[in-house]
Amino acid sequence: MIEVKSLHKAYHARAVVCGANFSVGAGEFFGIIGPNGSGKSTLLKLLSGVASADAGEILLGGKPIRSYARKELARIVAVLEQEALPPVGFRVREVLEMGRYPYQNWLGEEGEDSTVLIDDVVRMLGLSELQERKLDELSGGEKQRVALGKALVQKPQVLLLDEPTTYLDIGYQIQLMDIARSWQKNNQVTVVAVLHDLNLASLYCDRILLMHKGRQVSVGKSRDILRSSLIEQVYGIKPIVMEHPIHQLPQIMLQPGS
């Protein structure tokens with residue numbers, strides 16, 4: 001679904017993505033991890049088409065991403081950013097309806113009725129009782145569910161998540177990731193997620209890309225990436241890596257003073 005070839009991006013002569021090469025299969029849940037400043041969010045901006053690469057190429061469905069018109073790309077790719085919602089004053093239902101913009105004409109009219117789709121997303125995200133409330137009346141976890149709902153209402157083939165669990169407590173983190181994975185599996189959507197939490201990346205991602213100082217360190221299954229020696233090399237700490245007792249996937253335990 002996505003092919004990244006020798007990708008480079010610099011800001012003010014400072015390289016932030018240096019020679020990334022990887023692919024993401026259709027229907028895959030793909031994670032991107034790495035320390036702060038490693039180029040993760042910039043890479044996601046390049047994958048979304050918001051930013052342009054200085055060199056290299058991104059193919060989306062076999063076509064260069066730069067060849068897509070803006071609305072055409074928005075019908076394929078949806079992005080959940082860290083600050084994904086419009087200014088306060090909008091009601092929850094109105095925000096969800098904004099997700100249908102790529103399918104509307106210049107009069108704001110759509111060829112088909114999207115009411116059923118929006119209702120389904122509302123139910124799935126548990127937003128039924130919040131539909132008429134304004135954004136500034138919601139908690140952080142509720143706002144993030146609305147932001148995810150807006151992206152899902154777009155009906156994308158590719159869903160990009162930029163640190164979706166930041167500022168959420170552990171209950172909301174699991175809930176949001178469960179919803180994203182369920183939508184991915186049920187609709188064969190390709191998900192690319194930038195994640196800070198290595199344990200969440202291990203539990204939810206089919207494969208993981210590890211970045212450091214703008215460079216691609218390694219791509220593989222969580223067992224290949226979440227190794228103590230590799231984590232120490234990139235993050236500067238030596239963790240204890242244990243196997244999850246139920247899922248048999250690696251989980252990171254930190255050692256103070258390491």
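Author: What follows is a short exchange about helix packing and aromatic side chains in this predicted model.

Reader: At what angle do the axes of α5 and α6 cross?
Author: The axes of helix α5 (residues 140-153) and helix α6 (residues 170-187) cross at roughly 10° and come within 10 Å. Angles under 35 degrees count as roughly parallel, so α5 is roughly parallel to α6.

Reader: Which residues make that contact?
Author: From α5 there are G141, E142, Q144, R145, L148 and L152, and from α6 there are Y172, Q175, L176, I179 and W183. By class, the contact has 6 nonpolar, 3 polar and 2 charged residues.

Reader: And I174, what is it in contact with beyond its sequence neighbours?
Author: Leaving aside neighbours within four places in sequence, I174 is in contact with L200 and Y204. I174 belongs to helix α6, and its C-alpha atom is separated by 8.3 Å from that of L200, 26 residues apart along the chain. With 35% relative accessibility, I174 counts as partly exposed.

Reader: Changing topic: how many aromatic pairs are found in the whole structure?
Author: The search finds 1 aromatic pair. The ring centres of F22 and F30 are 5.3 Å apart and the planes lie at 10°, so this pair is stacked.

Reader: Are F22 and F30 buried or exposed?
Author: Both F22 and F30 are buried.

Reader: Which charged end sits over the ring of Y101?
Author: That of K71, 4.5 Å from the ring centre.

Conventions
Residues are numbered from 1 along each chain as its sequence is written. This is a predicted model: local features need pLDDT of at least 70, side-chain atom pairs count only at pLDDT 80 or more; totals for chains, interfaces and linings use all residues. Side-chain values use heavy atoms; hydrogens and water are left out. Axes are lines fitted to C-alpha atoms, for helices over the stretch in contact, and angles run from 0 to 180 degrees between N-to-C directions. Helices (H or I, at least four residues) and strands (E, at least two) are DSSP runs, numbered from the N terminus. Angles under 35 degrees count as roughly parallel, over 145 as roughly antiparallel, 65 to 115 as roughly perpendicular and the rest as oblique. Contact means heavy atoms within 4.5 Å. Ala, Val, Leu, Ile, Met, Phe, Trp, Tyr, Cys and Pro count as nonpolar, Asp, Glu, Lys and Arg as charged, and the others, Gly among them, as polar. Buried means under 20% relative accessible area, exposed over 50%, partly exposed in between (1.4 Å probe, protein chains only). Rings of Phe, Tyr and Trp (its six-membered ring) pair if their centres lie within 6.5 Å; planes under 30 degrees apart count as stacked, over 60 as edge-to-face and the rest as tilted. A charge sits over a ring if NZ of Lys or CZ of Arg is within 6 Å of the ring centre and within 35 degrees of the ring normal.
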